[in-house]
Each structure stands twice: as C-alpha cells, then as structure tokens.
Amino acid sequence: RGINMVRYHSEIAPGEGSKITDINTDTLEKLHVLVAGMKDEGIYVTYNPFWAVTGKVQASWNVPGISGGEPWGMVFWDETMQSGYKSWLKQIFTSKNPYTGIPLGQDPAFAIFIIQNEDSMLFWTQQGLLSGNKAVAERLSERFGTWLAKKYGSTAKAKEAWGDAPAANMGVDDVANGKAGFLGWWEFNPGQGEGKTKRVADQLHFLSDTMRIFNAMIASYIHDELKCPILVSAGNWRTANQNTMLDAERWSYDVNDVIGCNRYTGGAHVNPSEGHKAGYLVSTGDTFTNESNLLNPRKIPISGKQVVGKPFIVPESTWVPPELYQAEGPFLVAAYSGLTGIDIYYWFALGNVGYDTTIGKWQAANPAIMGGWPAASLLFRKGYVKRAAPAVHEERALEDIWNLKSSLLVEEEGFDPNRDAGAIPKESAVKQAVNPLAFLVGPVEVVYGGDPTKSTVADL
C-alpha cells in the first residue's frame, strides 16, 4: 500500500490502584509486537505514550491537588507527574523487546517519539482545569509568581508594571506570598490597554516557557541519560487563539527534533437525537454535508507553517466521515506535501487489518482513502511534484509573539488578512498580511527569535 511509517497512539499510564511509576504492561507488550512486526516489513514506527484524556490521574498516584480526572497541562510542570512520566520512558526505552532481542531505544525501526498527544497549556482545557480546581490553580500561581520575580525582581514589581490590568480570573493574586493568577484564555487579543497587554504577554511567555523547558528536559533525558538516538517531537496540538498564540506553541516545540500538528478536514455532521455521538460515531439518521477541498483549498490539511531546519509532520489526519469526496485526499496530500515540503502525513486511523466493514468516525481504512495510497506514495516518494521555493519566509522576534503581534499568516481559516494586518510588527519587512493561499504555492517557513526585517514573500 506504500506505507513506510505507522504511528501507535496508546496509553502507557497505569490504571486504578497503581503507583505513578508503574506502567501499563499490556500497552508495552503491544508496542513490542508492533515494532517487531513492522520492522520485518521495513516499516518504521512513531509512538506517543500519553494523552491526558485517557491518562487520568489515579488517587494512588498522590499528585498534589488532584485525585481523579484529566491532568490537563500538568505533565509540563508538576514534579509528581514528571517523575511518573520519566519512569514510563525508562521502561519503554530500556526494556528488551522479546521479539527482536534489543531494547526499543536502540532499534532503528523505532523512529519518532511524540512526547504527548493533544495537550497544551495554551488551550481551553488548561483554563478549564484552573477554573475548576482551586488547589492546582494556586500551585501554578505560585510558579507564575516565581517566574515573574526572576523577570522583574519581585512579584510586586510585576504587578506594578501591569498598572491598571484586571485582576486574575483564576488562581490567586497574592503579591505578599509571591503568587500571581491568570487571566482567561479569551483575553489573548491585540489592541488592549498597556497594562493588560503586559500582563497577557507575561502570562503567554510563562506558559510557553514552561512547556519549552519540559520538552527540552524530556529530549535530554531520552538522548543523554537513556542514550536513545530516536527523534523526538514535542506535541501536535493547537491553541485557544491560533492568530496570537500558535507561534508561542510552536516555539515551545522548537527545542525538539520534529515539529508536528494534528489536523483534519471534513464537513458538518449532526446526530439529530443524541448530539454528542457525532463526535465519535456515524449513525443511521445523521445529517451531514459533502465538501470537496478542491472547492475550498484552504481546508487541505497540509497547510503547515514550517520551522526552518525542522521536519514537519501531521501525526493525525483524514477526510472525516461521513464525507462523499474522500478519494481526493491521498492525491491532494501527496501532491501538496511534495510541493511544500511537508515530511510525513499519518492517516488516522486503522483498527484492524484491511478495510473496515462499516463507516467509522475517525477512519482511513476504506476503499476511497486506502485505495489511493499506492499511487499517492509513488507520486510523493519519486518527487513527481517538485518542492517549490519558499512562498513565505517569516522571521519573528520573540517579544512580538508575547505582545500578540500578528504573524504574516496563520494556518487556520479564522485569519483575516484585512482585519489582522493592523497588528503586524512595524519592524517587519512585509507590511501587510499574506493571502493564506500561499500555503498552496510553496513552503511557508518561520524563524523564531529572528529578525523581522528579513521576512520575505514571493510574488503570489
């Protein structure tokens, strides 16, 4: 079928009654079997071990402030969660695979490791945890206060610099005890008062910095302590405001080897009697729209802003059922990935060998999609569509990112080239926002911590 890389998306965290340093042995066994089987066929494996949705906190883990539910964002900063996570990694990378005779960490077939799946301190889920759990919010407020003290000299001086900025919506503003709370994630919009802008900028910088430090620590642990040469990818998620926060998210990934982003395409889908089921099931009686990406090419899910010098992968994607125009998918992905330099696209998902026998919600194993893989892979690997020169080269000063200055363009359709042009940094060599169809012309690339005067756009 032309596939040379598969992704195993599973949960390595242990279940009820476990210690946090234990491991899900069933998942590890399946990983060993998969890597060995794929290796025999010349196929690489990408693996991600943790997702906050399924890696629910157990009371027996003794994580301060939380004894159940999803630990959104906590692996990035909570020492107890991190001790468990490192224990899981050590067992994954160093235990011998009985089917190959060598540890996964020394197996070239074990190619890419994704630290975690679909979690970010810049997404709505983080706001949800902080607004619903006062104990966790206060602990993170203390960390924010410590970070501010390093920047300003004290938390009190930070509060003074914020001037007339509003008080925290969650967590606690307690200057006397070195704590600073958080504004809502809905506040990350440009053009606000000076004090509020400074407060939002510091919050964005702190959250991004926290994730970046964790991502660097895990890469160092894998490469330097466990001595595993596998490529590491930080994550694959989005933010609460793609216009103003996505570059901060990607900056936090930039300490790792590979940049990734999950992205799907599809039309509207409604279950008229049990609405929640449309998120995971295709049922008789559902209503849906058929939308070809050829008529709305901004929706082709390889429109990625690539960090210069780093591979870019799409670890999860499909033309989401129910959808009439799925057969266009493999061809469009192969052609535009070749043109723009996207490195790997993973179809999500396969639940068995061969074609599925019915329509599923997150599906790739049907004739319309899977049937196109052999020809599409030939097109991509032979380079029949040549990589173009960069359509956009953008260099972003980090202070512009924290202060919510607009990028030249973003990956999502919500970006308005007319409305958002006013927030472009005055130092930028490009004075207006770029037509988002540039993603279909050639690579769109970015340098974080660069010189905005060196940004360039091809003649579109």
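Buried means under 20% relative accessible area, exposed means over 50%, and partly exposed lies in between (1.4 Å probe, protein chains only). This is a predicted model, in which local features need pLDDT of at least 70, side-chain atom pairs count only at pLDDT 80 or more, and totals for chains, interfaces and linings use all residues. Residues are numbered from 1 along each chain as its sequence is written, and side-chain values use heavy atoms, with hydrogens and water left out.

**Exercise 1. Classify Asn-62 and Glu-118, two residues with positive phi.**

Step 1. Recall the background: most residues other than glycine have a negative phi, and most peptide bonds are trans.

Step 2. Read the angles. Phi is near 60° for Asn-62 and near 50° for Glu-118.

Step 3. Helices (H or I, at least four residues) and strands (E, at least two) are DSSP runs, numbered from the N terminus. Asn-62 sits in the loop between β2 (44-48) and α2 (79-94). Glu-118 sits in the loop between β3 (110-114) and α3 (124-132).

Step 4. Apply the cut-offs. Asn-62 has a relative accessible area of 60%, so Asn-62 is exposed. Glu-118 has 12%, so Glu-118 is buried.

**Exercise 2. Locate two cis peptide bonds.**

Step 1. Pro-321 and Pro-322 are joined by a cis bond with omega about -5°. Pro-322 belongs to the loop between β9 and α8 (328-340).

Step 2. Phe-348 and Ala-349 are also joined by a cis bond, with omega about 10°. Ala-349 belongs to the loop between β10 and α9 (367-370).

**Exercise 3. Work out the strand order in the open sheet that contains β9.**

Step 1. Set the rule: two strands pair if DSSP finds at least two bridges between them.

Step 2. Apply it. Strand β9 (residues 312-317) pairs with β10 over three bridges, in the parallel sense. Ile-313 stands opposite Ile-344 in β10.

Step 3. Write the order: β5-β9-β10, with parallel pairing. The edges are β5 (259-260) and β10 (344-347), each pairing on one side only.

**Exercise 4. Check the overall dimensions of the chain.**

Step 1. State the rule. The radius of gyration is taken over C-alpha atoms, and the globule rule is 2.2 Å times the number of residues to the power 0.38.

Step 2. Compare. For 460 residues a compact globule would have a radius near 23 Å; the chain has 23 Å, which agrees.

Step 3. Along its principal axes the C-alpha trace covers about 60 × 60 × 50 Å.

Step 4. Of the 460 residues, 54% count as buried.
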